[in-house]
Structure formats: structure tokens, C-alpha cells
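Hi,

Here is the structure I promised to pass on. Please have a look at it first, and then read on for what turned up.

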Amino acid sequence: MDVATFTQQFPALYHLTFAQNIPGIERHGLQSPAALADLHDFTPEEREATLTTRRRCIQDLHNLSLRDQHTAPEARMKSCLVRITIPDWLALLNSKIFFFLSQEKALRLAEGYADYKSVLLEVDTAALLASHAPHATLCKLSSGDFLHNPRPRGRDSFIPVADYAYKKSRDTPAELTIDVPIPHILQIATIVPVA
């Protein structure tokens, strides 16, 4: 699936975040948890609790909030992961920035955090991939959800856009990821409050 075709089919991408994270995004752009850990000089204990151990609740550290990983219980991860350990899988996920391909799916996730003020970044796909295509991958399933989609997954689940096989609607990826910070994200995105 070439980038032009992907952009035409999915002209907007959606990233859900907590509203209190917006000032940090304004200052530093959109970053993965791993990049944030580097930026804010997390202690070794904070890094382990954030990056290689499943977050059982929302983590508030250094004026930012990171979503929990309640859909990834260890027993389910152990039964689904292929040629990768649980800590390495969590580290891999935490090295990425995730985007939904539909607003509906992003808002469905937001429903699980109704007690927290969230916002949706509606991102121009063409503008994002113009600068970040070499760092973009697609995944056919929701990589962090082992409850509703307990299928095998591993490092090979993240496929470069150009190598992703797309023939029918059933091949629609569940998510797009970017492996590096996106400093200009607010120049190519609209902030949409989540009711």
C-alpha cells in the first residue's frame, strides 16, 4: 500500500490524549512515552514502571498523564506474544506514538476514560507522512488490546506503510504508529474536545 493510496483512503488520523498533556505537546510536540522519559529524565524506577511494566492505572509524572494498560493482562500477553518477552513488548509499544484511522474508534477508547478530560488530535495524514513516512508503520490489530483481540503478535506486526498488503476492506489496519517525536504536530492537527 503506497503512501499516496493510504493518504487518499485515510485523509485524517486521530490521537487521543488527556487534556492536561496539551501544554507539554505545545512545548515539545507529540512524543512516545519512551521519548518523554528521556525528555524528563525519568529515574530508573520511573522508567521501569512506565516503559517495561504494565501500567495498571493512569500514571501522573512530571506534569503529564500516561494511560493505563488495562487491556493487556500479563496472562493474555504471555499467550499471544511471538518471539518477544512481555517487558520487550511493552518497551516496543512505549517507543511508539499511536493513531487511530477512524474518529469513531478513538472516541470509543475515550468512553473508557469518561472521568478524565480528554482531547482528540485530528491529524492531516498527508502532512504527517510527508515528514514522517520513513518512521510510520501499520498494524492490522490493536497491538495493546489483548482482551478483545487476543491474537498472536510480535515485532513483525508493525509493517511499513509501503509494505502493508491492502486489497479489501477487511485488510484495513487498526492503527498507524510513528517511532519518533512529532515536534510540529499542532501545526498539522486540530484539537477536538471530547465531550
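A residue counts as buried here when its relative accessible area is under 20%. Please keep in mind that this is a predicted model.

Let me start with Arg54, which lies in the loop between helix 4 and strand 2 (59–61). Its relative accessibility is 14%, so Arg54 is buried. What does the side chain of Arg54 reach? It comes to 3.2 Å from the backbone oxygen of Ala72. Apart from neighbours within four places in sequence, the contacts of Arg54 are Gln69, His70, Ala72, Pro73, Glu74, Met77 and Leu90.

Leu90 also turns up in the packing of two helices. Thr50, Leu51 and Thr52 of helix 4 touch Pro87, Leu90, Ala91 and Asn94 of helix 6. By class, this contact has 4 nonpolar, 3 polar and no charged residues. The axes of helix 4 (residues 44–52) and helix 6 (residues 86–94) are 8 Å apart, at an angle of about 90°, so the two helices are roughly perpendicular to each other.

Helix 8 (residues 125–132) is the last stop. Thr125, Leu128, Leu129 and His132 are its buried residues. They span an arc of only 90° around the axis, and therefore sit on the same side of helix 8. In general, an α-helix has 3.6 residues a turn, so residues three or four places apart point the same way. The cover over the buried residues of helix 8 includes helix 1 (3–9), strand 1 (12–18) and strand 8 (175–178). At the start of helix 8, a side-chain oxygen of Asp124 is within 3.0 Å of the backbone nitrogen of Ala126.

Best wishes

Notes:
Residues numbered from 1 in each chain as written. Predicted model: local features only at pLDDT ≥ 70, side-chain atom pairs only at ≥ 80, totals over all residues. Heavy atoms only, no water. Axes fitted to C-alpha atoms, helices over the stretch in contact; angles between N-to-C directions. Helix = DSSP H or I, 4+ residues; strand = E, 2+ residues; numbered from the N terminus. Parallel < 35°, antiparallel > 145°, perpendicular 65-115°, else oblique. Contact = heavy atoms within 4.5 Å. Nonpolar A, V, L, I, M, F, W, Y, C, P; charged D, E, K, R; others polar. Buried < 20%, exposed > 50% of the residue type's maximum accessible area, 1.4 Å probe, protein only. Arc of directions from axis to C-beta. Polar contact = N/O pair within 3.5 Å; in protein donor to acceptor, adjacent residues only side chain to side chain.
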